[in-house]
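Thanks for coming. I will take a few minutes to go through one model, and you can follow along on the screen.

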Amino acid sequence: MTSFDTSPTPTVWRALLALAVVFVMLATTGWTAVRHERGPRDALEAELAGWSKARVGARELPGLNTPPQQLAAFFASLGSAHSARLADEYPHIVGNLNGAPVTLRYRANRKALATSLARERRRVAGPGLTAAGHHQAVRRMHRFEALMSGNRQILAFDPSGSGRVAEVFGDLDRAQRVSVIVPGVDTNLLTFQRSTRKYTAPVGMAQSLYAAQGAAAPRLRTAVIAWADYTSPVGVGMESAIGRLAENGAVRLVALTRALPGSSPVSLFCHSYGSVVCGVAARQLPARVRDVAVAGSPGMRAENVAGLHTTARVWAMRDADDWIEGVPHMEVGGLGHGEDPVTPEFGARILSAAGAVGHTGYFEPGTESVHNFADIAVGAYADVSCAGDTDTCRSGISGA
């Protein structure tokens, strides 16, 4: 299957667009697609049942839709011992609970990972798996082992289906600047990090950006979140041509940004389909999100920056040989994602992407693209390199 790591030919794009039109016509005449069921979620369901009945002393546990600020106050009132007990007994809930202390979420997700790893080891050792199923189980087992290695800070973890995960680099509680990387298609548990082509995966992207921030502002405390906590499209196909998954992802992204600890400025760095997620989320982002930067964008589901309805500065870049340039930047009947963010008509601040190669090279260390991201992340706007050797992208920014 064609993925966003490769360059689809014009023939492929025409076929995909034609197929998308057929899908829409079928959907509007009552035809519905059969979707794959998600994997078993017995552990989570058991925790949900227990959570609804549990008490801390005489107090009921808060509902899972309780606002983050109220959840933070609840955990602060419990004390460390009671909080730790909840994380150990309900790891799949606490580990993904916006408003719970981040260190408690790390603890809970480590417990949830251990449970998932044990389950996957039993599957690998047991009978009944096909060769393909065994291969997949081994890969998942290795991924869980990697996520548990060292002192990794796993902020979110859901092993069901293709899986979702988020990881923090730096001290999120004490950070003076927070960055969130929102990746594109083909992002799941198994592609969360790679040993080859490391900087095309969320973990490598975050590590590269975190290092570049340290070089740009050595005395500034920063944190970077590799955020793969939404269900992304698989390859270049119908799901990547419409906004359904972006809309679902935007809800989760807004929830994350509203629940981040402290009040430090936040920047979003959105790659490929991730920029669609950021575009849909834009109007609901909290005011502390100061910058939204997109790279290799197929569109943000808006015709211009004003259509995003955000107070954040909007930045865009595309390198010279990114195949995404050839994608039709339009939106017709729900298909496509709107205007190209690097066009003058869109109104974004256009950044240089010098050194980046292809659609997935924007976070490669040493590129001007990742240095620009780092300068935005630390607030060093005067150091940002605009496209075309101009200074227009810095105009109107105090101090730049």
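First, the ground rules. This is a predicted model, where local features need pLDDT of at least 70, side-chain atom pairs count only at pLDDT 80 or more, and totals for chains, interfaces and linings use all residues. Residues are numbered from 1 along each chain as its sequence is written, and side-chain values use heavy atoms, with hydrogens and water left out.

The protein has twelve helices and ten strands; these are DSSP runs numbered from the N terminus, with helices being H or I of at least four residues and strands E of at least two. Of its 400 residues, 52% count as buried. Buried here means under 20% relative accessible area, exposed over 50%, and partly exposed in between, with a 1.4 Å probe and protein chains only. On contacts, meaning heavy atoms within 4.5 Å: among those between residues at least 6 apart in sequence, 69% join residues at least 24 apart.

Now helix H11, residues 273-281. Eight of its nine residues are buried, namely Tyr273, Gly274, Ser275, Val276, Val277, Cys278, Gly279 and Ala281. The cover over them includes strand E5 (177-182), helix H9 (238-241), helix H10 (244-259), strand E7 (266-271) and E8.

H10 is part of that cover, and its geometry checks out. As a reminder, an α-helix has 3.6 residues a turn, so residues three or four places apart point the same way.

Next, the disulfides, defined as pairs of cysteine sulfur atoms within 2.5 Å. There are two, and counting bonded cysteines along the chain, the pattern is 1-2, 3-4. One joins Cys270 to Cys278, S to S 2.1 Å; it is left-handed, with -90° about the S-S bond. Cys270 is at 2% relative accessibility and counts as buried, and Cys278, at 1%, is buried as well. The other joins Cys386 to Cys393 at 2.0 Å, is left-handed with -80° about the S-S bond, and has both cysteines buried.

Which residues does Leu308 touch? Leu308 sits in the loop between E8 and E9 and is buried, with a relative accessible area of 2%. Leaving out residues up to four places away in sequence, its contacts are Gly279, Ala282, Arg283, Met300, Ala302, Val314 and Phe346. Arg283 is 25 residues away along the chain, with the C-alpha atoms separated by 6.0 Å.

Last, the cavities. A cavity is a set of points on a 1 Å grid over the protein atoms alone where a 1.4 Å probe fits but cannot get out, and lining residues have an atom within 4 Å of a point. Points are joined across faces, edges and corners, and volume is the space filled by probe spheres set on them. Two cavities reach 30 Å³ or more.

Definitions and conventions: On a 1 Å grid over the protein atoms alone, a cavity is a set of points where a 1.4 Å probe fits but cannot get out, and a pocket is an open set with protein on both sides within 12 Å along at least five of seven lines; lining residues have an atom within 4 Å of a point.
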